[in-house]
Structures are given as C-alpha cells and as structure tokens.
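Here is a short note for a colleague opening this structure for the first time. Please read it with the model on screen.

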Amino acid sequence: GLFVTDYFTRTPRKLSPFRSFASIELFHFHIPEDTVIAVWNLITFKEQGGTFGDQCPDRSITVYFRSGAPSVINPLHTHFPRDTAVPGSFALTLTWTLPNRTTGVFNVTSPLPGDWFLAAHLPKDEGKISVKGLYEECQYLFQPQLIVQRLVNIAVLYPGHVTEQSMAPHNRSCLYKVFVPSYTSRVLVEVLRCRGAEGCPLWLRVRAKAPPLHNSTALDCREHTPCQLAQDLPFWQHWYYVLVEKHPGVPGTVSFQVTVQLTDCSRPSLARPPFLPSSASMNMPHSFGSVGGLGLGDSPPPTSPNSTKHPVSIPVAPSTGERCWPVRPTLRNELDTFSVHFYIFFGPNVSVPPDRPAVFVINLLPVLDSGGVLNLELRLNVSSLCGENVTVFGCLNHEVPLTSGDNASVTCETESLAGFLLSVNATASLSRLRIPYPQTGSWYLSLRSLCATEHGFEPCTNVTAEVYLRAYLSPCINDCGIYGQCKLLRTNNYLYAACECKAGWNGWGCTDNAEAFSYGFQLLSTLLLCLSNVMFVPPVAIAVRSHYLMEAAVYIFTMFFSTFYHACDQPGIVVFCIMDYDVLQFCDFLGSLMSVWVTVIAMARLQPVVKQASVLYLLGAMLLAMALQMDRHGLWNLLGPSLFALGIMAVAWTARTIRRRHCYPPTWKRWVFYLCPGALIAAAAVLLYAFVETEENYFYIHSIWHLLIAGSVGFLLPPRAKTSRRLGPLPRRKGCGYQLCVNEQEELGLVDPAVASINSICTS
C-alpha cells in the first residue's frame with residue numbers, strides 16, 4: 001500500500017522532581033487516522049551553566065503514555081480519594097547511555113487515533129531549599145519527537161455489500177474499514193467463497209478505531225465454516241478495521257469475498273439497509289478511502305476486475321439483548337474552565353422503570369474537557385421503593401451504552417466491554433464516581449432497577465425507582481481539600497488542572513495523611529517562626545539607646561512583617577494573614593535587606609553632613625526595592641546591595657586608618673568582644689540558610705536564622721556617637737592660627753565610655 005510519514009516534535013523542557021502532578025512536564029500529540037505505527041524518539045540531555053553537564057549525576061527519567069487524556073500517575077504510591085476510578089497508562093524509565101545525553105524509543109503498532117499525552121518527571125528529591133544563583137544547578141531537559149506512518153486509500157466496506165478480492169502470492173494481507181453509526185448493536189464480518197490451494201487459509205481480524213493487532217479479535221477460516229466474526233456492542237461513530245491475513249507459507253493466489261452487516265438495535269430484527277445513497281444518512285465522515293480491496297503489499301489498478309461490489313442480503317437472527325432504548329441527552333452549562341454542569345431535561349430526578357433501562361449521554365468536548373475531573377452522583381429516593389428491596393445499578397461506559405442483559409447490569413462488564421459501576425439501594429442511598437482526566441467523546445450512563453431475591457437479582461414488578469442524578473465537570477477532586485490548592489496549568493495550548501498538596505498531605509486529592517503534619521506540629525512550627533523574631537527587640541533597644549532612631553525603625557519594620565509573613569506562609573491550617581501574601585513577602589524581604597544595609601552604613605560612621613541627609617539610606621531603599629521587584633529569590637540581586645554597603649564601610653574604615661595611622665576601630669576590645677563575634681554569628685546564619693535548610697527542617701532552621709541575624713545586629717551596631725564637651729575655657733593664642741579638636745572617645749569607638757573628663761587635643 002501507499003504509506004505517508006509524518007514528523008512531529010516539541011520544544012525541550014526542563015524536568016523537575018516529582019512532588020505532585022503539578023510538577024510534571026506534559027506533552028500533547030495528535031496521531032492521525034489509519035496510522036499503522038507510531039515511534040516516539042525520547043531525547044534527554046543534561047545542562048549545567050549553559051554547557052553540557054558531564055559532571056551531573058545520572059537521574060532516572062520516567063515517561064508515561066496515554067491515549068485520549070493525560071495519564072493519572074501515582075509514582076509515590078499514595079492513596080486516591082474514595083470513589084475515584086484510576087485509568088491505566090504505559091510507563092517506561094530512561095537510563096543514561098552517554099555522560100550527558102540519552103535517547104529512548106517507544107514504538108506503538110496500530111495506535112489509537114486522536115490525542116496522545118506524554119508526562120515526564122524526575123524522581124522525588126530530598127527537598128533541599130537551594131538559593132537561586134548560588135551555584136550552577138544541573139538541568140535535565142526532555143524533548144519528545146513523534147514519527148507516524150499511516151496508510152492512505154484504505155478500502156471502505158459498505159454494510160450489505162460484497163467486496164471481491166484476490167490476494168497475490170507476494171501479498172500477505174488485505175485491510176478494510178467500515179464505519180459504525182450510532183444505535184448499532186452488532187457488527188458481523190463474513191468471508192465468502194474463499195478459494196485457495198489449501199481450502200481457506202485466511203485469518204479474519206477485527207478491531208475498533210485502529211488496524212488490528214496480533215491479539216485482536218480473530219477467527220481462523222480453516223476451522224470455522226462459515227467464516228463469520230461478530231462484534232457485539234460496538235463503539236458508535238467510529239471506524240472498524242477488518243484485516244484478512246493469509247497463513248504463512250501458503251502458495252498461490254487466494255480469492256475471497258468479504259462483507260459486513262450492521263444490526264440496528266432500534267430494530268433488532270432488521271439489518272441496515274443494503275444501499276444508502278449518501279454518507280450523511282449514516283453520519284459517516286466524508287474522508288472515505290477508495291472503494292474496493294487493497295492489499296498491504298500491492299496496490300491493484302483501479303480497473304481491476306477483482307474489486308467489484310454488489311449488494312447482498314444476509315439474514316440476521318434476532319437475539320435478546322440487541323435492543324437499545326432511547327438515549328436522553330443532557331444540557332451542557334459552562335460556568336468556568338473545567339466547571340461544567342450537565343443538566344437532564346425534566347430532571348434532575350429520574351424515574352427508572354422496572355422493565356427497561358434509562359440511558360443518558362454526556363458529551364465531553366475534545367481536548368477541552370480532558371484536563372478536569374468527571375463527577376457523577378446518584379441518590380436514591382427511598383420513599384419511591386414502596387418497601388421493595390430494589391437496587392438501582394448504573395453503568396457508565398465510553399462510546400457505547402451497556403444495556404445487554406441483567407447480569408451485565410450487575411457487573412457492568414461483557415466479553416468485549418467494561419464500564420464503571422454505581423449502585424444505590426435502601427441501605428446505601430448515595431453513590432459517587434470520580435474519573436480524573438476522562439477521555440473525551442460520549443459517555444453513556446445506563447440505569448437499571450433490579451430486585452434482590454434468593455436467586456440473585458431479578459427484574460422488578462410494578463416498582464419505579466426514582467433517583468437524583470448529578471453529573472458535572474470540575475477542575476480537581478473536592479477542590480483539593482483544606483490541605484491542597486487546585487492549580488490550572490498549561491502546556492502550549494492545552495489546559496489541565498492538578499492539586500498541589502501541603503503540610504505533608506499527599507495524593508491526587510490531597511487526602512493521604514500518611515505523612516501529614518499534626519495540628520500540634522503545625523502550631524509549634526508557626527510559633528517558632530513567628531516568636532523567633534522577638535530577638536529583634538534587643539537590637540531595637542540598643543539602637544534607641546545609642547540614638548540610632550532610623551536603624552531602630554527599620555528593625556521594628558523587619559520584626560513586624562517577618563512575624564506576620566511567616567504566620568501567613570504556613571502550609572497547614574494554622575494560618576493568619578493580615579494582608580495579601582505577596583505584600584507581606586515583599587515587606588519581609590525588604591525589611592531584612594534594609595536591616596543589613598542600615599547596620600553596615602551605621603558601622604561606617606560617615607561624615608555628619610552625608611549621614612544627616614540620609615542619602616545612602618534612601619539610595620539603599622530604592623536599590624533594594626528594585627532588586628526585589630526584579631527577582632525576589634535571586635542571589636546576586638539581593639547580595640549586590642549588601643556588598644555595596646560593605647564596600648562603603650571598607651572605604652570609610654580604610655580612610656580613617658590611613659589618616660590616623662593606626663587600625664580602625666583602634667581598641668582590641670571592640671574587635672574581640674563585638675566585631676568578631678557579630679561577624680561569626682552572621683556568617684553562621686548565612687551558612688545555615690544557604691546549605692542546611694530543607695523543606696523538612698525549615699521551621700526550626702529558619703527560626704535559628706532569625707535568632708542569629710538579630711543577635712549579630714546587636715553585636716555589630718556601633719556605639720553612640722559622642723560630641724566634644726569643653727570643661728573650661730581653652731586658651732586662645734594671639735595671631736593667625738586655627739584649632740583642631742578631636743573627640744578621643746568617638747575615635748576609640750567604645751560602647752559605654754566611663755564618665756570622665758573628655759580630653760580635647762587642640763593643635764594650632
């Protein structure tokens with residue numbers, strides 16, 4: 001046949017350690033119809049500082065694949081919320097073959113057409129809090145590429161028509177497809193007049209939505225006469241693919257006829273009309289292939305006599321369970337993104353008669369609705385049972401309603417179909433079902449009332465049960481509860497929602513409390529982070545006593561906003577916010593940096609003219625506000641102003657040392673008892689903040705950070721500046737000259753000078 005190859009690629013993205021589904025990277029692909037093979041090329045490489053990360057450690061990368069909707073993954077093996085259905089997905093782990101690059105390949109033969117989603121993440125880390133910009137982090141980038149190969153001009157089988165085909169010796173198979181409209185209860189494929197060297201050496205395979213595989217429904221025409229393959233309860237509004245495959249090693253040409261019969265479940269004794277003038281009468285897509293047979297290894301000419309068609313009448317025996325009932329539609333009401341309510345006409349109370357099921361359809365839009373949670377709720381009106389032991393079973397199925405037989409209603413399963421089961425009775429009158437990331441398309445809910453007897457469930461007599469039915473689409477399960485936050489995420493043009501848990505809670509809906517923080521632990525951590533700021537009271541008292549009123553005001557500002565920022569920043573329920581979180585965070589960061597700035601400027605002891613004008617204080621406030629607005633967590637944006645202040649202090653101290661010709665401050669007591677301890681305490685605080693702090697020890701390491709920083713300020717703040725006082729009139733020399741008076745106590749930098757006479761040294 002004629003194959004067409006398509007290529008798709010996505011931009012590389014940085015992977016993150018897994019914490020919740022909000023931390024994964026999601027990639028969206030679309031596979032066209034008639035695809036026979038899809039190959040994903042998974043490229044992963046390391047980067048560090050803009051170059052290849054050869055020195056980065058090898059970390060395993062897990063990739064998940066799912067058709068129709070994103071994968072519902074659980075790598076941490078946490079508990080899902082109650083009444084939650086977890087769909088399956090494929091997963092593989094990539095291993096490194098080169099120091100900085102690896103490539104994985106994932107092949108899917110005859111993939112389902114439509115949307116495919118890839119999710120990738122790194123394993124969970126130890127939760128270390130790293131300072132941004134302190135060192136070059138290792139980045140793991142992931143880029144998926146898709147290569148698909150699809151067949152064109154696949155022969156289309158029309159129901160009730162016979163297609164003749166001759167399979168040449170060098171051909172192994174012929175592929176056809178037939179469209180199954182709504183209200184079809186059965187698809188019957190039959191091979192007629194098969195003639196070959198060894199009887200009928202053919203395999204007949206049928207599959208929905210994509211070409212058949214080796215494990216698809218199959219029939220050996222050698223052992224079955226007539227060669228008929230039936231599919232009960234087929235998917236509505238989908239293509240079914242028929243593969244006629246020759247046994248290996250069979251010589252010569254094999255000729256046969258193939259036909260398809262569809263049973264209309266609204267008229268179980270009648271088949272579909274043998275001739276339909278237009279595709280619109282069957283709701284068939286207009287993208288039909290060629291009419292006639294197509295061998296996968298050969299393309300016959302259009303005028304081949306082996307591709308003739310003529311109508312044929314095949315009797316279909318009516319059987320029980322082939323009858324379908326009217327499907328009641330639902331009204332779609334969109335309130336917000338992933339907030340959709342499906343209303344039932346003349347509802348929400350639904351009457352379920354005893355003799356037939358009540359069927360409803362919920363239509364989920366492609367791509368748009370697959371990123372949320374489909375919620376279903378059934379509530380039984382017990383008063384409507386009239387004392388009977390009635391159980392109402394609900395089967396939720398994708399693409400086709402399940403209405404065949406009483407046993408299927410109880411188990412919600414058949415040989416070829418499985419759905420989600422709900423049941424309500426007088427004892428348990430409420431039932432819920434949640435499907436995260438549901439596949440789009442039509443979902444059918446079939447309600448059936450049965451009475452419990454000694455022999456099992458049997459149809460009821462003269463009892464019409466009444467149930468309350470509620471169906472809606474929500475972003476997350478129960479809005480992630482009180483210990484989680486529902487986040488709306490986007491990858492390119494695809495939106496999806498996920499929970500981000502806190503306070504040690506985990507799970508898809510933040511309901512797994514295996515590692516949750518207790519209330520006492522939350523209260524203790526909040527009190528430690530808030531009350532540790534009381535350590536700023538001694539620096540405030542020292543600043544006021546030394547007449548550093550500007551510095552004292554900054555310390556009070558820092559103490560106030562740091563206390564209430566940490567009271568608002570808690571992950572649990574012990575939270576108290578007096579302002580918006582962003583305002584509190586900005587003021588806390590600004591106050592912390594301003595405390596460092598004003599302390600270092602005060603230690604510089606600049607000239608009174610410069611200091612009284614508060615030029616440097618105002619300049620520092622503006623620079624720090626700008627740096628925080630640029631990047632609140634960036635290292636150099638915050639470290640730059642601090643280094644600038646230290647530079648000013650170093651220049652001032654160096655100038656005085658040169659002018660005095662001795663070290664400044666000149667006394668060893670100032671260095672030993674104040675400057676060195678304060679510098680060591682500040683350095684210890686910085687080391688704890690940068691290298692020791694993690695998510696688990698944050699509450700007490702950061703509290704120690706508060707204590708150390710506030711304590712270092714008390715040691716580093718300079719003593720009060722003394723002015724020169726004259727004890728008596730100084731003699732004035734006659735003639736031209738000048739006097740230079742130096743305050744020795746101010747130059748010595750003592751904290752509490754003894755009450756003694758101040759020696760003023762005057763030189764002419």
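Predicted model: local features only at pLDDT ≥ 70, side-chain atom pairs only at ≥ 80, totals over all residues.

The points below cover a sheet, several disulfides and one annotated stretch.

1. Look at the open sheet next. Five strands make it up, in the order β11-β13-β18-β15-β16, with mixed pairing. The edges belong to β11 (155-156) and β16 (217-220); each has a single partner strand, so one side of each is left without a neighbour in the sheet.

2. Inside that order, β13 (residues 173-180) and β18 (residues 238-246) run antiparallel and are joined by eight bridges.

3. The structure holds eight disulfides. One of them links Cys 476 and Cys 486, with sulfur atoms 2.0 Å apart. Cys 476 sits in the loop between β32 (465-474) and β33 (484-491), and Cys 486 in strand β33, so the pair ties together parts ten residues apart in sequence. The link is right-handed, at 80° about the S-S bond. Cys 476 is buried at 4% relative accessibility, whereas Cys 486 is partly exposed at 28%.

4. Cys 568 and Cys 577 also form a disulfide, at 1.9 Å between sulfurs. Its torsion about the S-S bond is about 90°, so this link is right-handed. Cys 568 is buried at 8% relative accessibility; Cys 577 is partly exposed at 38%.

5. An unreviewed UniProt entry annotates residues 499-510 as "domain: EGF-like". That stretch is 0% helix and 25% strand, and its end C-alpha atoms are 7 Å apart. A disulfide joins Cys 501 to Cys 510. This link is left-handed, at -95° about the S-S bond. Both Cys 501 and Cys 510 are buried.

Terms used. Residues numbered from 1 in each chain as written. Heavy atoms only, no water. UniProt positions renumbered as here; feature names shortened; annotations may be inferred. Helix = DSSP H or I, 4+ residues; strand = E, 2+ residues; numbered from the N terminus. Pairing = 2+ DSSP bridges. Disulfide = S-S within 2.5 Å. Buried < 20%, exposed > 50% of the residue type's maximum accessible area, 1.4 Å probe, protein only.
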